[in-house]
Amino acid sequence: MTYLNRALLPAVSIFLLFLIWQMMVMILDLPAYILPSPIEISGGIWDKSGMLGSNVTVTLKNTLIGFLIGSLIGLALALVMVLSDWAHDLIMPVAVAVSSVPTAAFVPLMLIWFGLGDESKVAMAALAVSFVVLLNAVSGLKSCPQGQINLLRSFGASRLHVLLKLQFPASLPSIMTGMRVGLSRATITVIVTEMLGAYSGIGQTIYQATAIVDYVTVWAAVIVASAGSLILYGILAGLDAKFIWWR
Amino acid sequence: MVLILWLVTVPLFGISAQTLPALPDVLLSGFNIWGDLLDSTIYTLTETFFGFVAGAVIGISSGLLFWWSKKAEQMLLPIFVALQTVPIIAFGAIVVIWFGNGMVSKVVIALYLTFFPVAVNTARGLERTDPELLKLLRSFGASKFRIFRTVSLPTALSSIMTGLKIGIQLSLVGALVGEWFGDTRGLGTLLLQSLYFEDTERVWLLILLLGLIGQILFVLLSRIEKRYIWWK
């Protein structure tokens with residue numbers, strides 16, 4: 001299959017989707033509170049582009065900061081856990097216990113702890129990311145064949161050396177998978193947190209627009225939020241493809 | 001062990017109840033409202049269950065469709081993968097407008113969340129069939145359906161189960177968050193109320209309970225997997 005085909009077919013189906021959507025709204029004469037047409041929504045995005053833009057920026061900024069903090073925490077803990085069995089036995093049950101709680105359940109707690117400002121969103125994003133990265137990093141670091149480790153060890157490499165030169169690069173694809181999953185979860189988590197309490201952010205925009213029954217703005221905000229999260233995800237996937245060529 | 005740690009650290013470091021209430025207090029607060037708790041758990045679990053089952057059925061069928069027709073896959077799978085990164089929860093408000101404030105809207109949200117991982121994992125699992133094996137079977141003149149039943153489906157099942165495990169957890173999240181858009185019952189509603197009253201004990205109680213539920217659902221699926229997919 002040609003590259004053009006790969007890019008073209010999804011584009012065609014998205015176009016068809018919008019076309020059917022637009023026609024459905026026009027034929028059935030649906031009111032905007034049930035389903036605004038794509039043209040109405042684009043108009044809404046255009047009219048409120050400044051407001052939507054600044055709010056989505058806040059959301060994405062908090063997502064990104066939380067994502068970086070969470071990834072670093074997850075990665076650091078994973079490295080410690082691989083170096084020391086004792087740490088592994090201590091941290092693993094906590095990680096499994098925390099990750100079996102639906103992330104959304106932590107939202108009220110973070111809002112009580114960190115208030116309505118940016119901190120609670122960053123904390124939620126970090127929480128959503130760190131455990132996914134941690135679990136993926138540990139399984140990636142451990143998946144390295146024992147024979148290769150033994151070879152390096154027999155040449156006199158220290159345990160830290162083996163970790164940095166062999167296990168870490170070998171586990172990067174798995175870590176990146178964790179980061180990708182974590183990033184989309186972080187975006188959703190930040191938006192949900194903003195809905196429950198925030199001064200700004202696209203989640204708050206959606207919440208307020210719902211409250212004043214302005215459904216064109218709800219849809220516009222949802223589309224903008226989706227586009228923003230897709231762009232973040234695309235950047236990460238691009239970095240992944242560029243720098244981790246050995247997968 | 002985590003619980004013991006919790007039990008010991010709170011009195012030891014004199015952490016204020018606002019930050020982390022002592023474990024006995026949390027459990028006691030649960031004991032006082034156990035009737036409400038049970039009622040809400042059943043309500044939320046019902047939403048989760050129906051959303052999960054519907055999402056799994058639709059997800060597996062579309063996974064099969066992708067496997068059957070390459071055209072459908074090329075057109076739709078990239079969109080599905082992209083949609084997985086989209087903040088679906090943001091649609092919650094719209095879903096409530098469409099399906100009302102009752103159980104149906106939560107089931108729909110849970111369905112939507114379950115659907116994507118199941119569909120994607122089904123399609124990928126079916127594609128992973130050993131090509132040599134396929135060639136062999138085809139050279140013996142096996143029909144497409146027969147190949148599907150004897151080779152592709154058994155290989156794909158473990159991947160489908162992975163999708164289902166992700167799906168059930170997302171389904172629980174969907175039910176919870178769905179209740180935030182104005183329901184009066186369920187664990188999500190309780191969670192929201194305890195936020196408004198800044199009742200940290202109640203929040204922790206619900207976190208514990210939800211962790212337990214999440215774990216039980218996960219173990220349940222793992223059991224089914226071990227029991228029926230022994231060739232993995």
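**Helix H5 of chain B and its surroundings**

Reply: In this predicted model, the buried residues of H5(B) pack against elements of two chains: helix H9 (202-211) and helix H10 (215-243) of chain A, together with helix H6 (103-127) and H8 of chain B. The buried residues in H5(B) are Gly92(B), Ala93(B), Ile94(B), Val95(B) and Val96(B). Beyond the end of the helix, H5(B) is followed by Gly100(B), which has a positive phi, near 80°.

The helix may next be placed within its own chain. Chain B contains 10 helices and zero strands, so that its elements, read from the N terminus on, run α-α-α-α-α-α-α-α-α-α. Of the 232 residues in chain B, buried residues make up 41%. When contacts in chain B between residues at least 6 apart in sequence are considered, 78% of them join residues at least 24 apart.

We may now turn to the meeting of the two chains. There, 38 residues of chain B are in contact with 36 residues of chain A. On the side of chain B that touches chain A, the elements giving two or more residues are helix H4 (70-84), helix H5 (92-99), helix H8 (144-179), helix H9 (187-196) and helix H10 (200-228) of chain B. The largest share of that side, nine residues, is supplied by H10(B). Sorted by class, the side of chain B that touches chain A holds 27 nonpolar, 10 polar and one charged residues.

Chain A has 10 helices and zero strands, and its elements follow the order α-α-α-α-α-α-α-α-α-α from the N terminus on. Its C-alpha trace spans about 75 × 55 × 30 Å along the principal axes. Of the 247 residues of chain A, 40% count as buried. Among the contacts in chain A with a separation of 6 or more, 76% are accounted for by residues 24 or more positions apart.

H3(A) and H9(A) pack at an angle of about 130°, and their axes are 7 Å apart. Because of this angle, H3(A) is oblique to H9(A). H3(A) makes the contact through Leu52(A), Asn55(A), Val56(A) and Thr59(A), while H9(A) contributes Ile202(A), Gly203(A) and Thr205(A). These residues divide into three nonpolar, four polar and no charged.

Leaving aside residues up to four places away in sequence, Ala221(A) touches Leu52(A), Ile202(A), Thr205(A), Ile206(A) and Ala209(A). Ala221(A) and Ala78(A) are the residues with the most contacts inside the largest nonpolar core, which has 110 residues. In soluble globular proteins, nonpolar side chains tend to be buried together.

Leu8(A) lies in helix H1 (residues 3-28) of chain A. Leu8(A) counts as partly exposed because it has 13 C-beta neighbours inside 10 Å, whereas a buried residue needs 20 or more. The C-alpha atoms of Leu8(A) and Pro93(A) are separated by 46 Å, and the two residues are 85 residues apart along the chain.

Methods: Residues are numbered from 1 along each chain as its sequence is written. Chains are lettered from A and ligands numbered from 1 in the order in which they are written. This is a predicted model: local features need pLDDT of at least 70, side-chain atom pairs count only at pLDDT 80 or more; totals for chains, interfaces and linings use all residues. Two residues are in contact if their C-beta atoms, placed from the backbone, lie within 7 Å. Helices (H or I, at least four residues) and strands (E, at least two) are DSSP runs, numbered from the N terminus. Ala, Val, Leu, Ile, Met, Phe, Trp, Tyr, Cys and Pro count as nonpolar, Asp, Glu, Lys and Arg as charged, and the others, Gly among them, as polar. A residue is buried if 20 or more other C-beta atoms lie within 10 Å of its own, exposed if 12 or fewer, and partly exposed in between; C-beta atoms are placed from the backbone. A nonpolar core is a set of buried Ala, Val, Leu, Ile, Met, Phe, Trp, Tyr and Cys residues joined through C-beta atoms within 7 Å. Axes are lines fitted to C-alpha atoms, for helices over the stretch in contact, and angles run from 0 to 180 degrees between N-to-C directions. Angles under 35 degrees count as roughly parallel, over 145 as roughly antiparallel, 65 to 115 as roughly perpendicular and the rest as oblique.
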